[in-house]
Every structure is written in structure tokens, then in C-alpha cells.
Amino acid sequence: MQTSTRDRIVVAAARLLQRQGYVGTGIKQIAKEAQATLGSVYHFFPGGKEAVAVAAIAHSDREFATLLGEALDSAEDPAEAIEACARRLATELRESGWIDGCPVTAAALETLGTESEIQRACADALRGWERLVVDKLLRCGFQAQDARELATTIVGALEGAEVTAQVVRSEEPLLAAGRQLARLVRSYGVSPSR
């Protein structure tokens, strides 16, 4: 199946945001990487770079939500599932040569303090990921407030550990976070079969 020009632009922008951040990515570079004309980029995204970035963040949000959902479904025990997610993130980051971190985090950090569509798209992504974790925890018998707070902790810790792993070029920050998050989830004493 052939990929549409718009889709190529979005995927190219997502990869560039992941590797270079929002500030370091130019609209001409997006067009070049997508093998599209600059006119095509502006045709599909009349709002320019910010509009492309918002679409790229939404794409990255869906990609990570899929990865997270698969990891959460990989084990009945939520602690094992969270640890599996951390391992998968660590492996993928190492295999990328430490450059393919979270494009949502990269864009969010570069646009802090703004009331931009980018910030809103990043916040929506983070909240969506938290909802996936909350749903898993609720299905396993966690109380609603505990599930919400744990989900916020889990997503925040994994995002922070991923940045740290990139900087130090090591899987260990993600693996350690996974182990400790699993320990935290188990400390609630909720049996996954409930």
C-alpha cells in the first residue's frame, strides 16, 4: 500500500521531532525527508511548522499508545506489564543508537511556558497514556484514586527514565525504573486475578 503525501510528511516530522526536537527541525527539512514539495507541506498544513508538529505529535501519541497497550496486555500482572514496557523502551532506544526518544517529551520541553497547540497535543498524549495505565490497574482491582496516582507516577517515571537513558547512553535507567515501578505496583497487594 502506497503512503499518502500527507502521511509521509507526518511520519517524517515525527521522526525529526524525535531526533532533533521542535526547534531543531525545519519545515524544509520535513519536506525533504518526506520526499514532498514545500508547497505540499503548506497545502496539507497551512498553519506551517506548528501544524505539522501537532499532527506529528498525534501520530507519535498513537504509536506509543499502541506500544504501551501491547506491553500492558502482555501480562495479567500489571507489575510485570509495566516492567515489560520499560524493557521494550530500553531495547528500542538502544537499538536506535540512543537517538529515538519520545518525540512528545522533546516537543513538550521545548515549548514549555507557551499556550500553543503543541503543548496541548503533548498534554493530551500524556493524559491518554495515563488513561491506558489507569484502565489496566482498574481491571486488576486497584481503587480508582490509587490507579490514577500510580498511572501518573508510572508515565512520568518512564518518560524521565527514557530521557536519562538517552543522555547516559544506557538501558539501565529504564530497566531500573521498570523494576522499581513494578515493586511499587506490587506494594499495593492487589492480586491481578481479582
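**The annotated domain and its contacts**

Reply: Over residues 3-63 the chain is 74% helix and 0% strand, with the end C-alpha atoms 17 Å apart; helices (H or I, at least four residues) and strands (E, at least two) are DSSP runs, numbered from the N terminus. That stretch is where UniProt, in an unreviewed entry, puts "domain: HTH tetR-type"; UniProt positions follow the numbering used here, feature names are shortened, and annotations may be inferred rather than shown by experiment.

Some ground rules before the side chains: this is a predicted model, where local features need pLDDT of at least 70 and side-chain atom pairs count only at pLDDT 80 or more, while totals for chains, interfaces and linings use all residues. Residues are numbered from 1 along each chain as its sequence is written, and side-chain values use heavy atoms, leaving out hydrogens and water.

Now the charges. A salt bridge here is a side-chain nitrogen of Lys or Arg within 4 Å of a carboxyl oxygen of Asp or Glu, and the count comes to 11. One of them joins E63 and R15, 2.6 Å from N to O. It ties together distant parts of the chain, with E63 in helix α4 and R15 in helix α1 (residues 5-20), 48 residues apart. E63 has 35% relative accessibility, so it counts as partly exposed; R15, at 27%, is partly exposed too. (Buried means under 20% relative accessible area, exposed over 50%, partly exposed in between, with a 1.4 Å probe and protein chains only.)

There's also a charge over a ring: K49 lies over the face of Y22, 4.4 Å from the ring centre. The rule wants NZ of Lys or CZ of Arg within 6 Å of the ring centre and within 35 degrees of the ring normal.

Next, aromatics. Rings of Phe, Tyr and Trp (its six-membered ring) pair if their centres lie within 6.5 Å; planes under 30 degrees apart are stacked, over 60 edge-to-face, and the rest tilted. The structure has two such pairs. F64 is buried at 13% relative accessibility, and W129 is buried at 0%.
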